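Colleague: I am new to this model and would like a close look at one part of it. Please take me through the pockets and the helices around them.

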Amino acid sequence: MSMLFVRQVTYLKRILNLIIEFLIIYLIGAILYSTVEIIWRGYTHWTMVLTGGFCLMCIYIMNIVMKKFKFFIKCFFGMITITTVEFCVGCVVNRMLGWHVWDYSKFPLNILGQICLLYCAFWFILCIPANIICMQFQKIKIKLIGDLNVGSKKEKLQE
């Protein structure tokens, strides 16, 4: 086999592993957030399933990038991330499309009824288990989907 072919296969394996890794995290976020919302409000909306998956994926990436940061700093940035995503999604689904998925306009310190200070605090608290899930997944992902640095020692030496 040519070196070019080996490198291409190794590269494709890495991409596939990353896709699987992020798909698993996305599904965990989608399922867990939907479950939390059903317990909290008694129902959910399909857009919240998508949003929950996206938010956990963002927190997961943040945990990789901010590996050396203190835990509660990660929770703070997770809260900022979730609040930002909630505002963006809310402006689309609630204000532009008029689906009325949620409305925080009755809560103090809200912005356009899409985000409010009280739910920022909830997102901070929700980031505690979310960050734990992300950190634990980082530890077990090798067992689940394999080492992202795939390839034999010989292939690594040749790169």
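Which helix supplies the largest share of the lining of the largest pocket, and how many residues is that?

Modeller: The share is 8 residues, and they come from H4. This is a predicted model, in which local features need pLDDT of at least 70 and side-chain atom pairs pLDDT 80 or more, while totals for chains, interfaces and linings use all residues. Residues are numbered from 1 along each chain as its sequence is written, and side-chain values use heavy atoms, without hydrogens and water.

Helices here are DSSP runs of H or I with at least four residues, numbered from the N terminus. The lining has 28 residues, and those nearest the centre of the pocket are Tyr33, Val36, Ile82, Trp123 and Leu126. A pocket is an open set of points on a 1 Å grid where a 1.4 Å probe fits, with protein on both sides within 12 Å along at least five of seven lines, and a lining residue has an atom within 4 Å of a point. The space in the largest pocket is about 590 Å³, counted as what probe spheres set on the points fill. Sorted by class, its lining holds 21 nonpolar, 3 polar and 4 charged residues; Ala, Val, Leu, Ile, Met, Phe, Trp, Tyr, Cys and Pro count as nonpolar, Asp, Glu, Lys and Arg as charged, and the others as polar.

The second largest pocket has a volume of about 160 Å³. Asn63, Ile64, Lys67, Lys74, Met135, Gln138 and Lys139 form its lining. Two or more of these residues come from each of H2 and H4, and H4 gives the most, with 3 residues. The classes in the lining of the second largest pocket are 2 nonpolar, 2 polar and 3 charged.

The axes of H1 and H2 are 7 Å apart, and the angle at which the two helices pack is about 125 degrees. H1 is therefore oblique to H2. From H1, residues including Phe22, Ile25, Tyr33 and Glu37 meet residues of H2, among them Met48, Phe54, Tyr60 and Ile64; contact means heavy atoms within 4.5 Å. The contact of H1 with H2 has 15 nonpolar, 4 polar and 2 charged residues.

H2 and H3 pack at about 150 degrees, and their axes are 10 Å apart. These two helices are therefore roughly antiparallel to each other, as angles over 145 degrees are. H2 brings residues such as Thr47, Phe54, Met62 and Asn63 to this contact, and H3 brings Lys74, Phe77, Ile82 and Val93 among others. By class, the contact of H2 with H3 has 11 nonpolar, 5 polar and 1 charged residues.

Definitions and conventions: Axes fitted to C-alpha atoms, helices over the stretch in contact; angles between N-to-C directions. Parallel < 35°, antiparallel > 145°, perpendicular 65-115°, else oblique.
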